Amino acid sequence: MSRGPVRVLRLGLRPYAEALRVQERCLGAARAARAGPGPGPGPGPGPGESVVLSEPAEPVYVWGLRGAPEAEAAARLRARGAGLAAARRGGRITFHGPGQLLAFPVLDLRRRRLPLRGYVAALEALVLRLCRRLGLAAARALPPPFTGVWMGDSKLCAIGVHCGNHITSHGLALNCCTDLTWFDHIVPCGLEGKGVTSLSRELGRHVTVDQVLQPFLDSFQEVFDCTLVFSEDTGD
């Protein structure tokens, strides 16, 4: 049985900060849906759960609750033309930029009876399904404490989530046709000795974010057992 509708907001190529603002509005809607008697006014299902999809328009280095760069390192990163941002999520510093799919699911884990570790495993399963759809059968998830999806010792998809009052935010970053040289200037996710890769590199062909969206959504719908409802309303 489906667990109900999840609203999909496809932002396209947008600044990272704008994707965060849309995510915050979705979090507010999720909290209101839990507190209220049911779906909000207007046609269609209420926006209790959602997933925000975007492609960062500009290069930005982002860190989570740990691993903020020292002042000198931050200055070096800025000098390369990248923005810097702190995010309220787990995980250390990583890179977001053009050619990368960012997915921020806003889901109610209490309603889904899903523990946080199970949710992270579900995100990994989602990306693994996507990889199989694209013909990348060698992709795998590693046992804890590692997260994400890997090709050998190179990370293909990073996962960093936050969960407040059982409602999720942030999510995953999948390298599609990302310029991987941006990762050369940091230790991605704080993992020494590990590399970074992309769908384009592994498949030997140019794979854009737009080409990945539909198989991603198909995999999302299967893993989270939901109906997807598409919306152009980001609250702007």
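1. **Strand 9.** Strand 9 (167–175) is largely enclosed by the rest of the structure, because nine of its nine residues are buried. Buried means under 20% relative accessible area, exposed means over 50%, and partly exposed lies in between (1.4 Å probe, protein chains only). Helices (H or I, at least four residues) and strands (E, at least two) are DSSP runs, numbered from the N terminus.

2. **How to read the model.** This is a predicted model: local features need pLDDT of at least 70, side-chain atom pairs count only at pLDDT 80 or more, and totals for chains, interfaces and linings use all residues. Residues are numbered from 1 along each chain as its sequence is written, and side-chain values use heavy atoms, with hydrogens and water left out.

3. **Partners of strand 9.** Which way do strand 8 and strand 9 run? They run antiparallel, joined by eight bridges. Two strands pair if DSSP finds at least two bridges between them. Strand 8 and strand 9 form a hairpin with two residues between them. In its turn, Asn165 has a positive phi of about 55 degrees. Cys163 has Thr168 in strand 9 as its bridge partner. Strand 6 also pairs with strand 9 in the antiparallel sense, over four bridges.

4. **The largest nonpolar core.** A nonpolar core is a set of buried Ala, Val, Leu, Ile, Met, Phe, Trp, Tyr and Cys residues joined through side-chain atoms within 4.5 Å. The largest one has 40 residues. Which members touch the most others? They are Leu174, Leu199, Val212, Phe216 and Phe220. The elements giving two or more residues to this core include strand 1 (5–14), strand 2 (50–56), strand 9 and helix 6. Helix 4 gives the most, with 10 residues.

5. **Helix 4.** Helix 4 has 19 residues. From its first C-alpha to its last it reaches 28 Å, close to the 27 Å expected at 1.5 Å a residue. The expected span is 1.5 Å times one less than the number of residues. Its buried residues include Tyr119, Val120, Leu123, Glu124 and Cys131. Just after helix 4, Gly135 takes a positive phi of about 90 degrees.

6. **Helix 6.** Helix 6 covers residues 209–224, 16 residues in total. It reaches 21 Å from first C-alpha to last, close to the expected 22 Å. Where does helix 6 bend? It bends at Pro215, by about 25 degrees. The bend at a residue is the angle between axes fitted to the seven residues ending there and the seven starting there. Pro215 is buried, and so are Val212, Phe216 and Phe220 among others in helix 6. Just after the helix, Asp225 takes a positive phi of about 50 degrees.

7. Three strands form an open sheet in the order 4-3-5, with mixed pairing. Strand 4 (83–86) and strand 5 (94–96) stand at the edges, each with a single partner strand, so one side of each has no neighbour in the sheet. Strand 3 (residues 60–63) pairs with strand 5 in the antiparallel sense over three bridges. Val62 stands opposite Thr94 in strand 5. Strand 3 and strand 4 run parallel, joined by four bridges. Val60 stands opposite Gly83 in strand 4.

8. **Side chains of strand 3.** In a regular strand the side chains alternate between the two faces of the sheet. Here, Val60 and Val62 point one way from strand 3, and Tyr61 and Trp63 point the other way. Are these residues buried or exposed? All are buried.

9. **Cysteines.** The structure holds zero disulfides. A disulfide is a pair of cysteine sulfur atoms within 2.5 Å. Cys163 counts as partly exposed because its relative accessibility is 29%. Cys226 is buried, at 6%.

10. Pro15 lies in the loop between strand 1 and helix 1 (16–35). It counts as partly exposed, at 30% relative accessibility. Its C-alpha is separated by 8.7 Å from that of Ser54, 39 residues apart along the chain. Arg78 sits in helix 2 (residues 71–79). It counts as exposed, at 52% relative accessibility. The C-alpha atoms of Arg78 and Val60 are separated by 9.0 Å, and these residues are 18 apart along the chain.
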